[in-house]
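Visitor: Hi! Could you walk me through this one, starting with a sheet?

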Amino acid sequence: MTSRALLRRGYTEMSDLGCDVDKHDNSKYINDPIHGYINLDEQVLQFIDTPQFQRLRHLKQLGSSYFVFPGASHNRFEHCIGTSYLASEVVQGFARRQPGLGIDERDSRCVTLAGLCHDLGHGPFSHVFDSEFIPRACPGMTWSHEQGSEMMLHHAIDENHIDIDDDDIKFVKQLICGSSRPVAGEKMFLFDIVANKRNGVDVDKFDYIQRDCYNVGVNSSYDFQRLMLNSRVINDEVCYSAKEAYNLTEMFHTRYSLHKRVYSHRAAKAIEFMLVDAMLIADPVLQLTQAVTCPRLFQSLTDEVVRDIERSPASELREAQDLIARIHTRDIYKFVDEYILPAEMAAVANSASINEALVVGYRSDNDDFVERDVLIDFCLIHYGMRKHNPVDRINFYSKYNTAEMFPIISEHISMCVPERYEERIIRIFTRTPSKRGQIQGAARRLMENLSSRI
């Protein structure tokens, strides 16, 4: 065969001309740094290839932490694909190992889509938007990114004419929000896969812990793949092999460590305060708060809001532009002081007993700082279930009897377990670095007074 014939044959084999399109394999493979090659089937691709999902390429997974950890450049886009992949692997693994569960194609499809779409509703800089900006911009408003995900899921389906049953949409939304109570007509163990409200062990954590550790350069000491392989459904609940008890303990400790070292980093929090201040100033011009109830506005709301502020000719945004310029030149709000609260003090330390106005009340005679100069951060870090050990809420099974589930108390896992599973930290920052010393002195007098009354 001549080289020309070989060339013609090569083009023919790679071309779709003259082929039956209905017989094409429309799935795709992507190479993910965490999970390797991931197959994206046609059902998943019709959601990924929408403006509503592609928006996630412009939302940093770790928000303001990227300003501190240069490797934290990963986005919600790849996290959602990774979560979807793991959700599919888990449900299909159960179907293979336990055919008696009656897992059908709808179950697999909806769990996979729930993993894919669970973060569609995140706003600029991820949790900064719904946890910090919205409460300050709209006091009293209860809005979460899960609600945003439901809104954007409907918007993606309607705008792109995706063919999906109403019952499937309802089920996907329920799986995204999670439930610890029976849901009529559905298998309850499926709710343990994407957003586990029983004990917090789910594929969302599997992906983000591994992905965040990889990108920020923090070592992870637990193995989520072992957890997936050594799990089974007993009494409509996902249970784990007893030999994985310490592995699960390490997973929750890694989560705590990430919050302590990365997510709650002092500089990242200072920049977060600056971003929120800038967005509050920009809100009347850019209509940021209106976007939470308008999917068309929300679709354009990403981390690019910083660039929108910088490019705007509106004079009302001059102060916000100055704040962003300060971030770029590392002239950020300053950390003042930190107090890790003992248990007896944590119960009474709240915004009523510790606030900016009270700090001002403890000024000395020569101090001239004002309430606007002070910022207070109430930081709560825990293992995933507030003051409770989440491993206590997990049921296990023995290899000698895989049909019976049982709990394992912490002392039977290790004697080196924490006495407490949450810590409350009060952190003081200032918008005005030159007033740092004054504010520190006043804050310490306030905390000493509060401590003496306990």
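**Sheets, helices and cores**

Visitor: In what order do the four strands of the open sheet come?
Guide: The four strands of this open sheet follow the order E3-E4-E7-E8, with mixed pairing. Strands (E, at least two residues) and helices (H or I, at least four) are DSSP runs numbered from the N terminus, and two strands pair if DSSP finds at least two bridges between them.

Visitor: Which strands stand at the edges?
Guide: Strand E3 (231-234) and strand E8 (401-406) do, and each has a single partner strand, so one side of each has no neighbour in the sheet. From one strand to the next, the twist averages 45°.

Visitor: Before I go on, what sort of model is it?
Guide: It is a predicted model, in which local features need pLDDT of at least 70 and side-chain atom pairs count only at pLDDT 80 or more, while totals for chains, interfaces and linings use all residues. Residues are numbered from 1 along each chain as its sequence is written, and side-chain values use heavy atoms, with hydrogens and water left out.

Visitor: Good to know. How many bridges join E4 to E7?
Guide: Two bridges join strand E4 (residues 237-241) to strand E7 (residues 396-398), and the strands run parallel. Ser241 has Tyr397 in E7 as its bridge partner.

Visitor: And how many join E6 to E9?
Guide: Nine bridges join E6 to strand E9 (residues 422-430), and these two run antiparallel. Ile376 is opposite Ile428 in E9. Seven of the nine residues of strand E6 (residues 374-382) are buried, so the rest of the structure largely encloses E6. Buried means under 20% relative accessible area, exposed over 50%, and partly exposed in between (1.4 Å probe, protein chains only).

Visitor: On to the cores. Which residues touch the most other members of the largest nonpolar core?
Guide: Of its 113 residues, Phe47, Phe53, Leu116, Ile193, Phe206 and Tyr240 do. Helix H12 (residues 266-286) gives the most to this core, with 10 residues. Apart from it lies another core, of 20 residues, including Val374, Ile426, Ile428 and Leu446. A nonpolar core here is a set of buried Ala, Val, Leu, Ile, Met, Phe, Trp, Tyr and Cys residues joined through side-chain atoms within 4.5 Å.

Visitor: What does Phe47 touch?
Guide: Not counting residues up to four places away in sequence, Phe47 touches Phe53, Leu113, Leu116, Cys117, Leu153, Ile157, Ile162 and Ile164. Contact means heavy atoms within 4.5 Å.

Visitor: Where does Ile193 lie?
Guide: Ile193 is in the loop between helix H8 (166-177) and H9, and counts as buried because its relative accessibility is 3%. Ile193 and Val90 are 103 residues apart in sequence, with their C-alpha atoms 7.5 Å apart in space. Leaving aside neighbours within four places in sequence, Ile193 contacts Ala87, Val90, Val91, Val111, Asp202 and Val203.

Visitor: Is Arg211 buried or exposed?
Guide: Arg211 is buried, with a relative accessible area of 2%. Arg211 belongs to helix H9 (residues 203-216). Setting aside neighbours within four places in sequence, Arg211 is in contact with Asp32, Ile34, His35, His74, Glu78, His79 and Gly82.

Visitor: At roughly what angle do the axes of H9 and H11 cross?
Guide: The axes of H9 and helix H11 (residues 245-263) cross at roughly 45° and come within 11 Å. H9 and H11 are therefore oblique to each other. Among the residues making the contact are Phe206 and Ile209 of H9, and Phe252 and Leu258 of H11. Axes are lines fitted to C-alpha atoms, for helices over the stretch in contact, with angles from 0 to 180 degrees between N-to-C directions. Angles under 35 degrees count as roughly parallel, over 145 as roughly antiparallel, 65 to 115 as roughly perpendicular and the rest as oblique.

Visitor: How far apart are the axes of H6 and H12?
Guide: The axes of helix H6 (residues 127-137) and H12 are 10 Å apart, and the helices pack at an angle of about 50°. H6 and H12 are therefore oblique to each other as well. In H6, Val128, Glu132, Phe133, Arg136 and Ala137 meet residues of H12 including Lys269, Glu272 and Leu280.

Visitor: Last one: what do the buried residues of H15 pack against?
Guide: They pack against H12 and helix H14 (305-311). The buried residues in helix H15 (residues 318-328) are Ala320, Gln321, Leu323, Ile324, Arg326 and Ile327.
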